[in-house]
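Hi everyone, thanks for making time this morning.

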Amino acid sequence: MKGLHTMPPKIKIKEDAILDVALEITRTSGIEGLNAREIARILGCSIQPVFRTFQNMDNLKTALYQKVEDYFNTYMQDGMNHRIPFLGMGLAYISFASEEKNLFKLLFMSEALHVDSPMDMISGDDNQEVIEMIAGMTGLNHDHSKKLYVDIWLLTHGIASLVATNQCHFSHDEIEAILMDTFKGYLNLFTMKEEEQS
């Protein structure tokens with residue numbers, strides 16, 4: 001069998017395994033800690049399977065972003081089970097920021113997020129459902145429901161960003177009170193505006 005060279009078998013690493021490791025690295029070290037070498041080290045392989053699956057790190061990061069977004073959506077679904085679903089979603093958003101700081105930063109505090117104005121944030125179909133839910137529970141018209149959503153979202157995002165960067169430590173009850181008081185204040189304001197217009 002002189003001259004016969006056998007090639008070492010290619011290690012088959014599944015896409016899900018690569019993404020699971022990428023998520024764990026991002027969770028502990030942030031997106032800046034994510035690289036092919038570290039993924040390969042944890043998986044016990046060379047970097048070849050990583051690039052064979054994703055071609056480049058940009059493709060991997062795009063897939064990771066989607067995976068993290070899907071994970072974030074499970075928080076939001078749980079928030080919908082709150083006695084006041086809209087409030088529950090705000091609390092879930094802040095809980096995600098508190099419990100998954102680096103994943104929150106990836107989704108909501110990185111260059112991956114491109115919006116020109118807060119109104120752009122709520123143009124998707126999911127957000128239209130939330131606006132309709134607000135209109136249904138408050139009796140406000142569509143425009144005021146949309147404004148209420150943006151105003152509460154800005155407050156919620158502000159608190160979540162402070163929590164994610166360890167710059168404030170509110171209890172769950174304090175956060176719920178802040179969101180509820182603000183919601184009631186805006187609801188009264190927009191209700192008065194509608195009464196003045198009618």
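Let me begin with a definition: a salt bridge here is a side-chain nitrogen of Lys or Arg within 4 Å of a carboxyl oxygen of Asp or Glu. Before I use it, a word on the source: this is a predicted model, where local features need pLDDT of at least 70 and side-chain atom pairs count only at pLDDT 80 or more, while totals for chains, interfaces and linings use all residues. Residues are numbered from 1 along each chain as its sequence is written, and side-chain values use heavy atoms, with hydrogens and water left out.

Now to the charged pairs. Glutamate 38 and arginine 41 form a salt bridge, with N to O at 2.8 Å. Both are in helix α2 (residues 36-43), and because they sit three residues apart, about one helical turn separates them. Helices, by the way, are DSSP runs of H or I with at least four residues, strands are runs of E with at least two, and both are numbered from the N terminus. For exposure, buried means under 20% relative accessible area, exposed means over 50%, and partly exposed is in between, using a 1.4 Å probe and protein chains only. On that scale glutamate 38 is partly exposed at 25%, whereas arginine 41 is exposed at 56%.

How many salt bridges does the rule give? The count is five.

Another of them joins arginine 27 to glutamate 100, whose closest N and O atoms are 2.9 Å apart. This pair links distant parts of the chain, 73 residues apart: arginine 27 is in helix α1 (residues 15-29), and glutamate 100 is in the loop between α5 (85-99) and α6 (101-108). Arginine 27 is partly exposed at 25%, but glutamate 100 is buried at 8%.

On to the rings. A search of the whole structure turns up 13 aromatic pairs. Rings of Phe, Tyr and Trp (its six-membered ring) pair if their centres lie within 6.5 Å; planes under 30 degrees apart are stacked, over 60 edge-to-face, and the rest tilted. Tyrosine 71 and phenylalanine 96 make an edge-to-face pair, 5.9 Å centre to centre with 65° between the planes. Tyrosine 71 is in α4 and phenylalanine 96 in α5, 25 residues apart. Phenylalanine 96 is buried, at 0%, while tyrosine 71 is partly exposed at 25%. Both residues belong to a cluster linked by ring pairs, which also includes Trp153.

Finally, how do α4 and α5 pack? Their axes are 7 Å apart, at an angle of about 135°. Axes are lines fitted to C-alpha atoms, for helices over the stretch in contact, and angles run from 0 to 180 degrees between N-to-C directions. In contact, meaning heavy atoms within 4.5 Å, are residues including Tyr71 and Phe72 from α4 and Tyr93 and Phe96 from α5.
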